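Please examine the sequence and the three-dimensional structure shown below. The paragraphs that follow lead the reader through them step by step.

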Amino acid sequence: MAAASKTVDCLKLVHSIHAYFLLVGDVDMPILYEVQRLRDGNSFATRRVDAIQKGNLIFTLVASFQKEEKGFEHQEITIPSVPAPDKLLSMEELRERRLTDPRLPRSYRNKVATANFVPWPIEIRFCEPNTSTNQTKSPPSLRYWFRARGNLSDDQALHRCVAAYASDLIFLTVSLNPHRGRGLKATSISLDHSMWFHRSFRADDWILFVMTSPTAYNARGFCMGEMFNRKGEIVITLTQEGLIRKAKTQSPGVASKL
């Protein structure tokens, strides 16, 4: 999305993206982003971005941009009633609590203590912090506040890129919540991701991300979400579908009789 934004008139802002993840990428290898100018109109522009790694097309995205203009306005959906972000714990504070919470299994606490904790470039505060683990069954829904760490420039394209980054961190895992259980090992991989940007916002101010998974079937989980600013205005609607499977267990090798 950032690559596409750099090829468009600065007065046009991205209002929708539709992305498909075609192959698993390698985080240790560089990615080449090729941008195709599909259309440049007075009000709208369209770009296609192909991500190529090791000569293979691994990801493709179509983004539409529009100049801001006055028009009809309404909003039927309302922001849920949740605690304000300054009343909630940060992920770092939650982690410290989990290390000593006697309600959590000792094996889980030891795993948290030994895991390499690398803070994300965005701050997240969960609206309903609990003692669930990745092996605890729970409803297919989640709500949290997020914002970029530090102050960002006034470039609206940057703020929308930050929101797109934040949208892909935990979204798909919500569809696994009703299926979690002791000993379950699962994998999840994004297949497609769509976002509609309704109005401008600042990603360095708190944004409420409300997500739910209405269905999972045929090894695919489907998630829907809305993002609201602190004034209660909906700024983004998004969907994601991904592959969710039980991890394959490797059968032990047959011991040689020689």
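**A guided reading of the structure**

A219 lies in the loop between β8 (207–217) and β9 (220–228); helices (H or I, at least four residues) and strands (E, at least two) are DSSP runs, numbered from the N terminus. Although A219 is not a glycine, its phi is positive, at about 65°. A219 counts as partly exposed at 31% relative accessibility, where buried means under 20% relative accessible area, exposed over 50%, and partly exposed in between (1.4 Å probe, protein chains only). K54, found in the loop between β3 (44–53) and β4 (56–67), is likewise a residue other than glycine with a positive phi, near 55°. K54 is exposed, with a relative accessible area of 57%.

The model is predicted: local features need pLDDT of at least 70, side-chain atom pairs count only at pLDDT 80 or more, and totals for chains, interfaces and linings use all residues. Residues are numbered from 1 along each chain as its sequence is written, and side-chain values use heavy atoms, with hydrogens and water left out.

The overall plan comes next. The protein has 4 helices and 10 strands, and from the N terminus on its elements run α-β-β-β-β-α-α-β-β-α-β-β-β-β. Of its 258 residues, 39% count as buried. Contact means heavy atoms within 4.5 Å; among the contacts with a separation of 6 or more, 68% come from residues 24 or more positions apart.

In soluble globular proteins, nonpolar side chains tend to be buried together. A nonpolar core is a set of buried Ala, Val, Leu, Ile, Met, Phe, Trp, Tyr and Cys residues joined through side-chain atoms within 4.5 Å. The largest such core here has 43 residues, and Y144, F146, F201, F209, M227 and I236 are those with the most contacts inside it. A second, separate core of 9 residues includes L88, W145, W206 and I234. Leaving aside neighbours within four places in sequence, F146 is in contact with residues including I122, I124, A163, A166, F209 and M227.

Helix α4 (residues 156–167) has 12 residues, which at 1.5 Å a residue should span 16 Å; its end C-alpha atoms are 17 Å apart, which agrees. The expected span is 1.5 Å times one less than the number of residues. Of the 12 residues of α4, 9 are buried, so the helix is largely enclosed by the rest of the structure. Among these buried residues are H159, R160, A163 and A166. At the N-terminal end, D155 caps α4 through a side-chain oxygen that lies 3.1 Å from the backbone nitrogen of A157.

In the loop between α4 and β7 (186–197) is R180. R180 is buried yet has no salt bridge, and the nearest side chain of opposite charge, D168, is 14 Å away. Lys and Arg count as positive and Asp and Glu as negative, while His and the chain ends are not counted; a salt bridge is a side-chain nitrogen of Lys or Arg within 4 Å of a carboxyl oxygen of Asp or Glu. The side chain of R180 does have a polar contact of 3.2 Å with that of N177. A polar contact is a pair of N or O atoms within 3.5 Å; within protein, one must be able to donate a hydrogen and the other to accept it, and residues adjacent in sequence count only if both atoms are side-chain atoms.

Strand β10 (residues 234–246) contains Q240, which counts as buried at 0% relative accessibility. The side chain of Q240 makes polar contacts with the side chains of S190 (2.8 Å) and H193 (3.2 Å). The C-alpha atoms of Q240 and F222 are separated by 5.9 Å, although the two residues are 18 apart along the chain.

The structure holds 11 salt bridges. In one of them, the closest N and O atoms of E241 and R220 are 2.9 Å apart. E241 lies in strand β10 and R220 in strand β9, so this pair ties together parts that are 21 residues apart in sequence. D40 also forms a salt bridge with R47, at 2.9 Å between the closest N and O atoms, and R47 is buried, with a relative accessible area of 0%. R125 and E123 form another, at 2.8 Å, and E123, R125 and R147 are linked in a network of salt bridges.
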